Amino acid sequence: MPGIIVRQVGLLPHHREPYDIRATYRQFMGERSWATNAATRRAMQGNRSRDTKPELLLRRQLHAMGLRYRVCTRPIPEVRHRADIVFRPARVAVEVRGCFWHGCPAHHRAPAANSEYWRKKVERNMARDRETETRLADAGWTVVVVWEHEPVEAAAARIAAEVRLRRKGG
Ligand SMILES: [Zn+2]
């Protein structure tokens with residue numbers, strides 16, 4: 001898939017439901033390290049990657065709560081954007097955002113070196129985030145944004161409440 005290095009090099013499995021989060025988590029945390037190569041690590045840090053640790057923890061929590069979902073898939077087929085966690089029947093899309101890359105108001109600090117470069121990069125990400133939110137909302141989706149700094153239980157509870165509400169046709 002264009003722009004997603006992780007997929008191009010095939011380091012992580014593609015997931016289908018039913019999804020076994022524990023297996024993926026073991027693989028993620030296990031000895032078979034998939035990001036030991038410095039170039040790969042740099043590429044991943046600079047790209048929108050999937051299966052980051054906050055995403056895995058959140059997915060594990062949602063799964064434990066009995067929720068089922070799709071991972072890294074397009075909420076709207078015609079729109080190229082992939083959401084991190086998708087509840088299709090409820091039309092709820094979850095975006096897990098890293099505090100640095102997405103300009104968290106509480107934690108983002110521009111690095112001292114190359115600050116202009118980083119500022120522009122993060123601003124582009126934030127503009128894209130706004131655009132994504134608008135497109136999904138226009139198509140009748142609810143977007144739940146989760147910051148990596150959020151306690152996982154609180155984020156999962158927020159998502160579960162939204163999914164329940166939307167299932168009832170709210
Ligand atoms: Zn933050």
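**Charged pairs and a zinc site**

Glu116 and Arg119 stand three residues apart in helix H5, so about one helical turn separates them (helices are DSSP runs of H or I, at least four residues, and strands of E, at least two, numbered from the N terminus). The model is predicted: local features need pLDDT of at least 70 and side-chain atom pairs 80 or more, while totals for chains, interfaces and linings use all residues. Residues are numbered from 1 along each chain as its sequence is written, and side-chain values use heavy atoms, without hydrogens or water.

The side chains of Glu116 and Arg119 form a salt bridge of 2.9 Å, N to O (a Lys or Arg side-chain nitrogen within 4 Å of an Asp or Glu carboxyl oxygen). Arg119 also pairs with Glu123, at 2.8 Å from N to O; these two residues are four apart in helix H5, again about one helical turn. Glu116 is partly exposed at 42% relative accessible area (buried is under 20%, exposed over 50%, partly exposed in between; 1.4 Å probe, protein chains only). Arg119 is partly exposed at 37%, and Glu123 is partly exposed at 42%.

A zinc ion has as its protein donors Cys99 (SG), Cys104 (SG), His107 (ND1) and His149 (ND1), at 2.0 to 2.3 Å (donors are N, O and S atoms within 2.8 Å of the metal, 3.2 Å for Na, K and Ca; water is absent, so sites may look incomplete). His107 lies in the loop between strand S3 (92-97) and helix H5 (115-138), and His149 in the loop between S4 and helix H6 (152-167), so the pair ties together parts 42 residues apart in sequence. His107 is partly exposed at 43%, as is His149 at 37%.
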